Amino acid sequence: MDGVETLNLAVPIAAPNLPSFARKQDIDVRYAVIPPYSYIHIYWDKEKNELIYEVEEPELDEEEQEILELLEKGIEEIIDVSFLREKTQDSIISYLQQSSNLILKELNLSVSEESYFKLFYYLYRDFIGLNEIESVMRDFFVEDIGCNGINSPIYVVHRLYRNMRTNVIYKDIEKLANFVEKLAQRSGRYVSYATPILDGTLPDGSRVNATYATEITSKGPTFTIRKFTKVPFTPIQLIDFKTLSPEILAYFWLLMEHKSNILIVGGTASGKTTLLNALAFFIPPEARVVSIEDTRELNLPRENWLPNVSRTGLGPGKVGEVSLFDLLKGSFRQNPDYVIVGEVRGQEAYVLFQGMASGHASLSTIHAESVDTVIKRLETPPINLSPTLVNILDVVAVMTHAIVKGKETRKLKQVIEILNVNPDGSATTNIPYFWNPADDAFYFKRNSYVFRKIMEKSGLSQEELLREFTDRLRLLYELYRRNITEFNMVQQIINLYYKDKNAALRQLGLLR
Ligand SMILES: Nc1ncnc2c1ncn2[C@@H]1O[C@H](COP(=O)(O)OP(=O)(O)O)[C@@H](O)[C@H]1O
Ligand SMILES: [Mg+2]
């Protein structure tokens, strides 16, 4: 069959400009994700009183359905599907096309062009994509996808319209188990009865967590996918979202330049990694940066960056495992100026703090709700740091989820400077910044203990340091005011500031 060249299934399309609605009840939007085959329709279901996220795909009649099954079986026989993934999208598509033409010929089947296109969409979806959820994966607006087992609908979290139920449901436990195996395979990991928990990263950077249970009594396997936002939020966007104030960003900019050690704490999904990525914009352009993560989330707009992702071993002997601990130890040999650890959980913390003690700046996150709990976590098993080592931390930033005027937001709640960690585990602190929920305002004071440390180390006078602070604050505020939020633009102007401060200020009209 000719004409398939026009099938552009692999090409990502621009995200549509979706309207906002004051009332959920009024939402009714439809947009293409893989045109002209698959669309998303989001609307209010009056009967069920909830928002529905409907994946619309081409309908197949009975005959087409049968042919599709024949084609899928045939393709599985003639090509090694795992081999396909090594190839480029274009060559995979032509491979699938050749094979299906061959099978159609052999079976002496003829299909109309229209049917052929529809069938090919499904072949593409199932062999190259992620089957029933491929359209959802392609939807720019979807942040999270979750499946709680069979016979309950998959739900999504949408950037604009938030939580919704979808029309995708797994009814067959075996099919769902196969799908979880596929997710594991795609993340280069392995699930089985013996190792039923999957924690991995898909090739596009999305994070997958899944459980593999096939007992008839359970609801079956489950999975959640947190989609990788390829373009991370910039510091200016965080001002825009009212997550933090320009003052605290100017403060962090100085801290980052002078290689302070910063730890971001908060609950699950409170925005720790997002803040970490935003602060990384302030790393001087020529500095050497090493990052270490369990699953790939970070995205830094810089050249001097060595990203590392840990790997779980396969099988009982854990063959090929590379842990955060191994990576971190190795990374110090690469002699980085900055070490970024996506999330500190266990013994790798010890290596990290030792690295800080020997002069490498560090930026990391840890799951904890407050400074007290973080110190406790660092000083007790499995981490077991001594108070002297914990003392090397300069600053703890606390992120939190908050509902402000009925809207879900993320807030940088507090920035806490560690003056001293006492032998009993208590800490003497200074709080230069906090968010006050009562008036939803940020409070900042220039009396900073870390500023004093920076002055001592760098020889800057108080006046010079405060001048720097003020200039950076003006620059950040001007970017915000002019709505300059784009990833590369923000990074460029920060880099320019490092190279030629006056040129950067002049470019924004801040130098008369
Ligand atoms: N300041 C913010 N404003 C709005 N959404 C945010 C903000 N920070 C993070 N998010 C969103 O919240 C989710 C979790 O963020 P993440 O930084 O991964 O959290 P954590 O590292 O604490 O688990 C992501 O979908 C992210 O896009
Ligand atoms: Mg995180």
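# Questions on a predicted model

Student: What relative accessibility does lysine 501 have?
Tutor: The model is predicted. Buried means under 20%, and exposed means over 50%. Lysine 501 falls between these cut-offs, so the residue counts as partly exposed, at 22%.

Student: Which residue meets lysine 501 in a salt bridge, and in which helix does that residue lie?
Tutor: The two side chains, lysine 501 and aspartate 471, come to 2.7 Å, N to O. The pair links distant parts of the chain, 30 residues apart. Lysine 501 is in helix H17, residues 501-507, and its partner, aspartate 471, is in helix H15.

Student: Is aspartate 471 buried or exposed?
Tutor: The cut-off for buried is under 20% relative accessible area. Aspartate 471 has 4%, so the residue is buried.

Student: Which residues are joined with Asp471 and Lys501 into one network?
Tutor: The network is built from salt bridges that share partners. Besides Asp471 and Lys501, the members are Glu257, Arg467, Glu468, Arg472 and Arg474.

Student: How many salt bridges does the whole structure hold?
Tutor: A pair counts when a side-chain nitrogen of Lys or Arg is within 4 Å of a carboxyl oxygen of Asp or Glu. A search of the whole structure gives a total of 24.

Student: How far apart are the closest N and O atoms of aspartate 126 and arginine 125?
Tutor: Aspartate 126 is buried, with 15% relative accessibility. Arginine 125 is buried too, at 6%. Their salt bridge has its closest N and O atoms at a separation of 2.8 Å.

Student: How far apart in sequence are the parts tied together by aspartate 337 and lysine 259?
Tutor: The side chains of aspartate 337 and lysine 259 form a salt bridge at 3.9 Å, N to O. Aspartate 337 is in the loop between helix H10 and strand E13, while lysine 259 is in the loop between helix H8 and strand E10, so the pair ties together parts with a sequence separation of 78 residues.

Student: What are the relative accessibilities of aspartate 337 and lysine 259?
Tutor: Aspartate 337 is partly exposed, with a relative accessible area of 28%. Lysine 259 is partly exposed as well, at 30%. In order, the values are 28% and 30%.

Student: What is the radius of gyration of the chain?
Tutor: The chain holds 17 helices and 18 strands. For 512 residues the globule rule gives 24 Å, and the chain comes close to that, so it is as compact as a globular protein of that length; its radius is 26 Å.

Student: What share of the residues is buried?
Tutor: The C-alpha trace spans about 85 × 55 × 45 Å along its principal axes. Of the 512 residues, the buried share is 51%.

Student: Which residues make the nonpolar surface patch of about 240 Å²?
Tutor: One member lies in strand E17, namely isoleucine 431. Isoleucine 431 is partly exposed, with a relative accessible area of 30%. The patch is made by Ile431, Phe434 and Tyr443.

Student: Which peptide bonds are cis?
Tutor: Most peptide bonds are trans. Proline 36 sits in the loop between strands E1 and E2, and proline 382 in the loop between helices H12 and H13. Cis bonds run from proline 35 to proline 36 and from proline 381 to proline 382.

Student: What is phi of aspartate 440?
Tutor: Most residues other than glycine have a negative phi. Aspartate 440 lies in the loop between E17 and strand E18. Its phi is positive, near 50°.

Student: What is phi of asparagine 483?
Tutor: Asparagine 483 lies in the loop between H15 and helix H16. Asparagine 483 is exposed, with a relative accessible area of 53%. Its phi is also positive, near 60°.

Notes: Residues are numbered from 1 along each chain as its sequence is written. Chains are lettered from A and ligands numbered from 1 in the order in which they are written. This is a predicted model: local features need pLDDT of at least 70, side-chain atom pairs count only at pLDDT 80 or more; totals for chains, interfaces and linings use all residues. Side-chain values use heavy atoms; hydrogens and water are left out. Helices (H or I, at least four residues) and strands (E, at least two) are DSSP runs, numbered from the N terminus. The radius of gyration is taken over C-alpha atoms; the globule rule is 2.2 Å times the number of residues to the power 0.38. Buried means under 20% relative accessible area, exposed over 50%, partly exposed in between (1.4 Å probe, protein chains only). Patches are made of residues with over 30% relative accessible area and no salt bridge: like charges are joined within 9 Å, nonpolar side chains (Val, Leu, Ile, Met, Phe, Trp, Tyr) within 5 Å. Accessible areas come from the Shrake-Rupley method with a 1.4 Å probe; for residues, only the protein chains shown count as cover.
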